[in-house]
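Please keep the sequence and the model at hand while reading.

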Number of protein chains: 2
Amino acid sequence: MTAEPDSALHADAARPSRREQILQAAAQLFAERGSRSVGVDDVGAAVGVTGPAIYRHFASKDAMLAEMLLRISERLLAGAEQVLTDAGDDPADQLAGLIAFQVDFALDNPALITVQDRDLGALAEADARQVRRLQRRYVEHWVGVLAALAPEASTAECRARAHALFGLINSTPHSGGRLSRPAMQARLTAMALAAATA
Amino acid sequence: MTAEPDSALHADAARPSRREQILQAAAQLFAERGSRSVGVDDVGAAVGVTGPAIYRHFASKDAMLAEMLLRISERLLAGAEQVLTDAGDDPADQLAGLIAFQVDFALDNPALITVQDRDLGALAEADARQVRRLQRRYVEHWVGVLAALAPEASTAECRARAHALFGLINSTPHSGGRLSRPAMQARLTAMALAAATA
DNA sequence: GGCACAGGTTAACCACGGTTCACGTCGCCG
DNA sequence: CGGCGACGTGAACCGTGGTTAACCTGTGCC
């Protein structure tokens, strides 16, 4: 009773059970067809339960989406900050680290990448604001590194560069799995590096 | 009577009237909130009529979306083929032309770019198939040029490169309008060129 | 054993939104 | 003038889908 085994606030590393299954299955479905087109029954069926069972784990379908997007933003932001502390002071190393991280994330979680920028608009304004705040902080880490590498460029310019790099790297969900993971990783990394220093 | 002034099949250059207004307004709304979240009433209101009035111009909301996506794919494909015939036999020139074209299109029609890859899944299978066919042909033009520039790369590899370039160029809707159009154009072009030849 | 509670189930509820209907109005053509 | 066709409107219809309600079952703990 003193220690709650799980909370709606953050990932529960201890057990990969239900709730987590639901989030994962929902992410997959949302990525394929868009959150508005996926029914609660569909999500339930994907984990072997009926629709309403979802409500034992989430307050609403919207709450489910909100938590999904929040977690993604948090993981990305935390990852970027980890990368920046691990890399030294050399902006080139930092950039390489950020690119490697984003490439890995995109290749490992194509569904999350898709959902994040497709269904942000489906969130209630309060949740959307919070997600955008996290995203902005993530972007700003990139902008900082890019600015260090190109001192002549304005902040707006660097932001545009950062978004272009995200677009490039996040293209993976669109290019089907024709290429092996290592090949894709190498290709995206090379292209992103070349584009970043253009 | 002998010459029908408009047909559902292709754009009606003669007059920018209703039907066309509707498609344009709908594209804007769909881009902002996603087609599933936009009501027929919303689209109507955007052009100053009530919801059901839409049905005087389109068989259904889905038909509207289908026509929208078909037109986009057709415009892109036609543009690419135009570019390739205008450019000479030099693959480098061809690539530059394709990039310039895609950059212009993306900067001129951010809403269409957004809708095209967000709402393809909302189409009936028959329509979706047709759109994908057109898209595939568009992509193949890029793949051909990229293959000519990098003979050692496999077709799958070139396809991945092409999608990455699309992602890069199509990032414009995400980076707000902070940068002037010419600056954005120059930046995207430079990054795309650098990435393409990486 | 029995109680509490987590986790499911089915049936019902209800709002929303696409679509259709029956009805106006305006402009043009014979 | 009379009527027809294009274009709109407000009201009604109805399927879909999120949500809730009432009820069941197993498991762990006193």
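A residue is called near a strand if one of its heavy atoms lies within 4 Å of that strand. Of the atoms of DNA strand D within 4 Å of the protein, 56% belong to sugar or phosphate, and the rest belong to bases. This is a predicted model, in which local features need pLDDT of at least 70 and side-chain atom pairs count only at pLDDT 80 or more, whereas totals for chains, interfaces and linings use all residues. Residues are numbered from 1 along each chain as its sequence is written, chains are lettered from A and ligands numbered from 1 in the order in which they are written, and side-chain values use heavy atoms, with hydrogens and water left out.

**DNA strand D**

- Around DNA strand D there are 15 residues, of which A:Val40, A:Tyr55, B:Arg18, B:Thr50 and B:Arg56 come nearest.
- B:Arg56 instead places a polar side-chain atom 2.3 Å from a base oxygen of DNA strand D.

**DNA strand C**

- DNA strand C is surrounded by 15 residues, the closest being A:Arg18, A:Thr50, A:Arg56, B:Val40 and B:Tyr55.
- Sugar or phosphate accounts for 57% of the atoms of DNA strand C within 4 Å of the protein, and bases for the rest.
- Phosphate oxygens of DNA strand C lie 2.4 Å from a side-chain N or O atom of B:Tyr55, 2.8 Å from one of B:Lys61, and 3.4 Å from a backbone N or O atom of B:Val38.

**Interface of chain B and chain A**

- The contact (heavy atoms within 4.5 Å) takes 27 residues from chain B and 27 residues from chain A.
- The buried area, meaning the accessible area (1.4 Å probe) that two parts lose on being put together, summed over both, is about 2500 Å² between chain B and chain A, and carbon and sulfur atoms give 66% of it.
- B:Arg118, B:Arg187 and B:Met191 supply 20% of the area that chain B buries against chain A, more than any other three residues.
- Two salt bridges (a side-chain nitrogen of Lys or Arg within 4 Å of a carboxyl oxygen of Asp or Glu) are found across this interface, and one of them joins B:Arg187 to A:Glu157, with the closest N and O atoms 2.5 Å apart.

Methods. A polar contact is a pair of N or O atoms within 3.5 Å; within protein, one must be able to donate a hydrogen and the other to accept it, and residues adjacent in sequence count only if both atoms are side-chain atoms.
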